[in-house]
Amino acid sequence: MEVDRDSSNDFLSNLSQELFMIRETGVREEGERLIELQIGPAHPGSGHMRILAWVDGDIVVRCDPDIGFVHRTIEKLSENRAYIKTIPLVERPSLLDTTPITIGYVNAVEKLMGIEAPPRAKYLRTILAEITRIASHFYGIGILAVFLGHSTGFMWAFGDREVMIELATMLTGARITYAYVIPGGVRRDMPQNFPDQVEKGLRYIERRLKDWEKLFLNNPVVERRLRDIGVLKPVMARRLGITGPNLRASGVDYDVRMAEPYEAYDEIDFMIPVAEEGDAYARGLVRFKEIEQSISIIRQAIKKIPDGDIISPQISRLFNPLMKKIYAETRRVKFPSLLATLKPPKGEAMARVEAGRGEALFHIISDGSTNPYRFRFVTPSFRNVILFKYLIPGHRVADIPAIYGSIDYFPPEADR
Amino acid sequence: MSSQTSPQSTQMKKEDPDLKRFLEILNERTKDLNPKISIDKYGRAIYIEISNEKLHELAERLSKLGIDHVKSVTGVDYPSENKIELLIHAGSYLRTLRKYTIIIKSFLDRSSPKTRSLTDVWPSAEFQEREAWEMFGIYFEGHPDLRRLLLPEDFEGTWPMRKDFMIKTRRPGEVEGPWK
Amino acid sequence: MVYIGPLEIPGRLIYDFLHIFILPGFGAILVLVILIIWAERKIAGLVQLRYGPLHVSRRIGGALQLVADLIRYSLQEFIVPENVDKIAYLMAPALALLFAVIPIAFMPTAPGIAPPIYVEPNLLLILAVISLAPIFVIVTGVASDNKFAFIGSLREAFLMISYEIPFIISILSTALIYGTLDLYKIVEAQSKTFLGVLLNPFAALVAYIAILRITGRFPFEISEAESELVMGPYTEYSGLMYGVAMGIGYIKLYVYTLLFSIVFLGGWLPISSTGNIVFDYILGNIILLIKASILMLIAVFLRSVYPRYRIDQAVRLGWSLILILSGAAVAWSLIIHLII
């Protein structure tokens, strides 16, 4: 195996120095020429974070993201809770694409316990994960539109996202936070008319994507605002550890679904959309293309889904007769009490998934009791925060919302 | 990218020739640092345990090998053994090495955990190390900008993620004081 | 010739009162601005697959939403921050509004009747007064002790210079064709030859784009960019002043489109003076207001289509393309004037 390297050591140190260099304008005192703008949490263009920007005239000289306003200490709270109870907790930060994050956590728990979900459950998880991925991309596109001032893009994005949420409601019973994936399988089976409804929904989204192209992607003002803004070169993206569509818009075709396939992804054919320019327009475009790929994945998964159990036999072995009856009649899983207080063996497990915004990492250290000893959870937005510091300087004040919207940073997901 | 068998993500791995070759090269390049290398039973995570003084050297050798970014830098608190374990997840964007995650563990002394910052080898560790510092108290020497990331500026108390930081429940009538 | 009307004082005073306070003055402003803002929100709602304002007066589609909004702004607490320059803070929006509305007193809007203040070069007077309004907008931003308001004022200053100049050049170039600076005579000249739009399309285009910028319509809503500066120069205002700040853009739109319709679309044509003052007054004004409303609706519809430009892109556009087009308008006018 040839280990291909694309850099040598002194290039690396030069690049590190270049990355840490702040653009010098000669004047550093605040009040003389620099204005410190606090685009704070109570601002229409900032989300749940504060962006501190030092501005010389109209050019941003230095930018510092101040995050942590919605830090909910998920990692610390999970040390006091049983493994099952952490599933809704883990869902809450990344509120838009909840299912891939839940799948990651449950995969880590399953690896600890040594059980595996049956194939039908894996396909159901994949379908729901792709539905939420489309919803999450629409949210990202809507936020990009509203930060540019394009209220039509915002309303359309949320309206189209509603179609996906209705589909998820049909499958799981809840709109956004499902707690659908449990160790060993899923909690409900899909209803009879689900494949037809999914097909209707997907055809509607495909029609809407054509409208989007006319209104948003070919809009001359949008192109002026987004082209050549916030250019992220591939070398810089690799060094900074960027993940998700931001990375794929810079030319690196890294996707965890292809690199380390989980659930049903290695039986489904899909492509990874990659753009070369790395500017804000490319990042928006990659999200649109990924929606198309997700539509194709859902179609294939609905066609290929096998029959069978939706919960692993190691768990259904623990059912009492009432639970077995409910499972046989309505295909819903009720938790046996042993699952609620499960004690995995001592050890560690790690899982990675591709959420809507990038790669999420889960690492659980268990000491044999009902609560995890340490639960480490890194979300893609937390890895993308560094772009605020290195991408914005050199651009104008009006580019701050444009770049923010294009990297699709979601503060609750980053703060956990 | 389809395979004949069912999805393999949680099954035991069969022999993987790429992994063997990578482990050979890794062993050969880092022999003198005396690491303890092991793989998990699913064949995707490579655990390396190493002592703290040699951590930076190991990081440099790994980055020459192609491991070009860090996914997570954090700690695990073991108060009973008086140690804090520094847990680093690193990976690579290169096509041949994408499927592996390198997990580096290194033990630090709990009373004053100090280690050398990895930001000159892996710039992606910058914000991760800030979080590790504010949560565990691990001081990274050479970090360009070590300050609070997630906690508010007026937070008082000990390092939150250590085991001796108790989450208190407030009872009715109690006034909230600064955390212990 | 302009028919000044019966020179007895009561008739003149009655007409002046009606012109300033009812039609096309404050009464028309109130009704039209309310309807235009409602139309903007309704059109945007229909394009965006939602209802738009519907709750307040269901049977007429929510048209009285703005009345409810205005009542709410009037009753809201008006907070004056401590560190602002109080005189400037309180006077500047009022003065901006004043200078935006005064030109109505100079405009002839009906055939055969003179406006309340009639001077021969009334086009020049209108342009001069209306260009004073942005100065007070700049003062509001600087008077509020807020960095975002300050940046909003700077943007307004840049854009004011780069877009008022082409506007004035293009309007004056049409005056060049007709050979007069009197709005009444301009309309009469249009009734004899073609409409202003056909005589000098460059000037019409430049004037319309400049109107979009001056009144802050998309894609030029730059000084009050909501996702970058909270409300631009008006960030620190609340209560009734906030209502005034929101309405100022639309009132300026009304006045500018009145001017545009008189100069380019023929004002109150196709009717001409019939001798009956009341008939002339009502019909002439209504035709003029219909033309102005169509222009306002087009300007307001662009909210649903375009995002906003960046400041340097807009300024560059103003100084390159728009200025060159207005130069072309002047050249075209000279050619036409020599022909006609």
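Predicted model: local features only at pLDDT ≥ 70, side-chain atom pairs only at ≥ 80, totals over all residues.
Me: Why is Ser406(A) called buried?
Reply: Buried is the word for a relative accessible area under 20%. Ser406(A) has a relative accessible area of 1%, so Ser406(A) counts as buried. The residue is found in helix α18 of chain A, residues 399-407.

Me: What makes the pairing of Ser406(A) with Arg283(A) a polar contact?
Reply: The cut-off for a polar contact is a pair of N or O atoms within 3.5 Å. The side chains of Ser406(A) and Arg283(A) are 3.2 Å apart in their polar contact, and that value lies within 3.5 Å. The side chain of Ser406(A) also reaches the backbone oxygen of Ile403(A), at 3.0 Å.

Me: Which residues is Ser406(A) in contact with, leaving aside its neighbours within four places in sequence?
Reply: They are Leu144(A), Asn246(A), Ala280(A), Arg283(A) and Arg287(A). To be in contact, heavy atoms must lie within 4.5 Å.

Me: What else is counted between chain C and chain A?
Reply: There are twelve residue pairs in polar contact, both residues being at pLDDT 80 or more. On the side of chain C that touches chain A, α7(C) has the largest share, with five residues. The contact takes 34 residues from chain A and 27 residues from chain C.

Me: How is the size of an interface often given?
Reply: Often as the accessible area lost when the parts come together. For chain C and chain A, the buried area is about 2600 Å², and carbon and sulfur atoms give 60% of that.

Me: Which residues touch the most other members of the largest nonpolar core?
Reply: Tyr105(A), Phe362(A) and Trp122(B) do, in a core of 184 residues. Helix α5 of chain A, residues 119-148, gives the most to this core, with 17 residues.

Me: Why is this core said to lie between domain 1 and domain 2 of chain A?
Reply: Domain 1 (8-66) and domain 2 (74-415) of chain A both give residues to this core, so the core lies between them. Among the residues that Phe362(A) touches are Val90(A), Tyr105(A) and Phe375(A).

Technical notes. Residues numbered from 1 in each chain as written. Chains lettered and ligands numbered in written order. Heavy atoms only, no water. Core = buried A, V, L, I, M, F, W, Y, C linked by side-chain atoms within 4.5 Å. Buried < 20%, exposed > 50% of the residue type's maximum accessible area, 1.4 Å probe, protein only. Helix = DSSP H or I, 4+ residues; strand = E, 2+ residues; numbered from the N terminus. Domains from an automatic or database assignment. Buried area = accessible area lost by both parts, 1.4 Å probe. Polar contact = N/O pair within 3.5 Å; in protein donor to acceptor, adjacent residues only side chain to side chain.
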